[in-house]
Amino acid sequence: MKLSKFTDYNLRVLIYLALHSDRLCTIQEIAAAYQISENHLMKVIHHLAKQKTILSRRGKGGGIQLAHSPNQINLADVIRKAEGDDGTLVKCHSETGDSTCCIAPICKLPTIFDQAVAAFYEQLARYSLADVLQRPELLAQHFIPVSSHFVN
């Protein structure tokens, strides 16, 4: 199973915001710190705000911050919402329900994969964003230096 870049960026944004919880952060600042596209981050920020995982304030002096403490942000929830609820690793049927594989009616592979995905999310559900932040001072040292004009 491979997580999408969108999910990766969701997690990166949350880590950054948790490490800078004393202030509002900007998309430009986060993009510069990770050296990633502001356009991609705008979609991520919109998604996280829509999910009520972060708070977003527009205008001069605006920015983003976590909506909850890191120990209340569950990794399985974040990843499931970013990846979507489909969770299937193989597509044995089309959108209309027609079989796309000749052995689909008797194949056990989809059931095995469904169990694997369930186990994956069960394991992730044991962790929160706070668990990722065990050594915040070391995490913060690895960001690309951000020029002071990004900081509110």
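The model is predicted, so local features are taken at pLDDT of at least 70 and side-chain atom pairs at pLDDT 80 or more, while totals for chains, interfaces and linings use all residues. Residues are numbered from 1 along each chain as its sequence is written, and side-chain values rest on heavy atoms, with hydrogens and water left out.

Helices are DSSP runs of H or I with at least four residues, numbered from the N terminus. Helix α4 spans residues 75-83, and L75, A76, V78, I79 and A82 in this helix are buried, where buried means under 20% relative accessible area, exposed over 50% and partly exposed in between (1.4 Å probe, protein chains only). These residues lie on the same side of α4 because they cover an arc of only 165° around the axis, the arc being that of the directions from the helix axis to the C-beta atoms. The buried residues of α4 pack against α1 (5-19), α3 (38-50), α5 (109-124) and α6 (129-132); contact means heavy atoms within 4.5 Å. At the start of α4, the backbone nitrogen of A76 has a side-chain oxygen of N74 within 2.9 Å. After α4 comes G84, with a positive phi near 95°.

The structure contains 2 aromatic pairs, counted where rings of Phe, Tyr and Trp (its six-membered ring) have centres within 6.5 Å, with planes under 30 degrees apart classed as stacked, over 60 as edge-to-face and the rest as tilted. The ring centres of F120 and Y121 are 5.2 Å apart and their planes stand at 70°, so this pair is edge-to-face. F120 is partly exposed, at a relative accessible area of 28%, whereas Y121 is buried, at 5%. The charged end of R80 sits over the ring of Y121, 3.9 Å from its centre; the criterion is NZ of Lys or CZ of Arg within 6 Å of the ring centre and within 35 degrees of the ring normal.

Across the whole structure, 3 salt bridges were found, each requiring a side-chain nitrogen of Lys or Arg within 4 Å of a carboxyl oxygen of Asp or Glu. R12 and D8 form one at 3.1 Å, N to O. Both residues belong to helix α1 and are 4 residues apart, about one turn of the helix. R12 is partly exposed, with a relative accessible area of 26%, as is D8, with 31%. R23 and E29 are joined at 2.6 Å, N to O, and E29 is buried, with a relative accessible area of 0%. A salt bridge also links R135 and E137 at 3.7 Å, N to O; E137 is partly exposed, with a relative accessible area of 46%.

Definitions and conventions
Helices (H or I, at least four residues) and strands (E, at least two) are DSSP runs, numbered from the N terminus. A polar contact is a pair of N or O atoms within 3.5 Å; within protein, one must be able to donate a hydrogen and the other to accept it, and residues adjacent in sequence count only if both atoms are side-chain atoms.
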